[in-house]
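The sequence and structure follow.

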Amino acid sequence: MLRLIDSAPHLEPAGHLAPGAGVAVLLNARAKAVNDGVRRALSLVVPPEDLFLSRSHDEAAEIADEVVARRYRTVFTGGGDGTFVSWVNRILEASERRRARPPRFGVLALGTGNAVAEMVGATPRRHAQDLARFVSGEVHGSRRLDLVTCEGRRTPFAGVGVDAAVLNDYIWLKERLAGTPTQVLGLGLTGYGLAAALRSAPRALMERRQTYCEIVNAGRPAWRLDGEGRRVGPPIAAGELLFAGPCM
């Protein structure tokens, strides 16, 4: 079941930095785009002690706890949608444990999947420039991002497992090509494309199964709307079905 989070964090692509307020930058050291050049460029914008790199789940959990303990006002994540979701969950959990106010979140487009970064206007290959504009207060504003919970994790979007299946196929392909002359083909967008073409798509065609889905209203009464935006039929109360049937 998916449930809307009322107290969702804010995404902060750019905004005014109050005097004395800190900005932390959290990077996934295993992300392909997080190389030495990117790290050097970002370290010229924020002090080295405010730049964190995680290489494991345990290390990321420790960093999240330290970020909350230091009471950073804004936290930028860099590494892609998966990295963003992981950091948000860890930091919100650490904030709840410490009963501290969570920081605002910013996103740097440093992953293969950058849907959240695109939504807030982050520019690929201009990570340091985007961060510098925020720190200098050149650009103001923030956007609210409502999150859903799925199996105990907060996320801006969720699916029925197709993207996870493609990811598993991508990992399978990358492992098979590692250490071979063709290992570069198993990385990044090329690797995803090959994995989808060679494994994901053929499997979907062979199975030809539709996914059955039920969506239950977990909030206030909902209404069906016609093409003009007018309410149609009776309200759908909390606990009632919004939809039941096959989905893509």
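How many nonpolar, polar and charged residues does the lining of the largest pocket have? By class, the lining has 20 nonpolar, 19 polar and ten charged residues. Here Ala, Val, Leu, Ile, Met, Phe, Trp, Tyr, Cys and Pro count as nonpolar, Asp, Glu, Lys and Arg as charged, and the others, Gly among them, as polar.

The model is predicted: local features need pLDDT of at least 70, side-chain atom pairs count only at pLDDT 80 or more, and totals for chains, interfaces and linings use all residues. Residues are numbered from 1 along each chain as its sequence is written, and side-chain values use heavy atoms, with hydrogens and water left out.

**Overall layout**

The protein chain has seven helices and 13 strands, taken as DSSP runs numbered from the N terminus (helices H or I, at least four residues; strands E, at least two). Its C-alpha atoms fill a box of roughly 55 × 50 × 35 Å along the principal axes. Of the 248 residues, 36% count as buried; buried means under 20% relative accessible area, exposed over 50%, and partly exposed in between, with a 1.4 Å probe and protein chains only. Among contacts (heavy atoms within 4.5 Å) between residues at least 6 apart in sequence, 70% join residues at least 24 apart.

**Largest pocket**

The largest pocket holds about 1,900 Å³ of space. Of the 49 residues that line this pocket, Asp81, Gly82, Thr83, Leu167 and Tyr192 are the closest to its centre. A pocket is an open set of points on a 1 Å grid over the protein atoms alone, where a 1.4 Å probe fits, with protein on both sides within 12 Å along at least five of seven lines; lining residues have an atom within 4 Å of a point. Grid points are joined across faces, edges and corners, and the volume is the space filled by probe spheres set on the points. At least two lining residues come from each of helix H2 (57-69), helix H3 (81-98), strand S9 (153-155), helix H6 (162-177) and helix H7 (188-207).

**Nonpolar cores**

A nonpolar core is a set of buried Ala, Val, Leu, Ile, Met, Phe, Trp, Tyr and Cys residues joined through side-chain atoms within 4.5 Å. The largest has 27 residues, and those with the most contacts inside it are Leu26, Phe52, Val67, Val75, Phe84, Ile91 and Phe105. Two or more of its residues come from each of strand S3 (23-28), H2, H3, strand S6 (104-108) and helix H4 (115-119). H3 gives the most, with seven residues. A second, separate core of 17 residues includes Val46, Leu51, Phe76 and Leu131.

**Cysteines**

The structure holds zero disulfides, a disulfide being a pair of cysteine sulfur atoms within 2.5 Å.

**Accessibility of selected residues**

| Residue | Relative accessible area | Class |
|---|---|---|
| Cysteine 150 | 28% | partly exposed |
| Cysteine 213 | 18% | buried |
| Histidine 127 | 11% | buried |
| Leucine 177 | 17% | buried |
| Leucine 225 | 54% | exposed |

Setting aside residues up to four places away in sequence, histidine 127 touches Val38, Leu42, Leu108, Ala109 and Leu110. Histidine 127 lies in helix H5 (residues 127-136). Leucine 177, in helix H6, is in contact with Thr182, Gln183, Leu185 and Gly186, leaving aside neighbours within four places in sequence. Leucine 225 belongs to strand S11 (residues 222-225).
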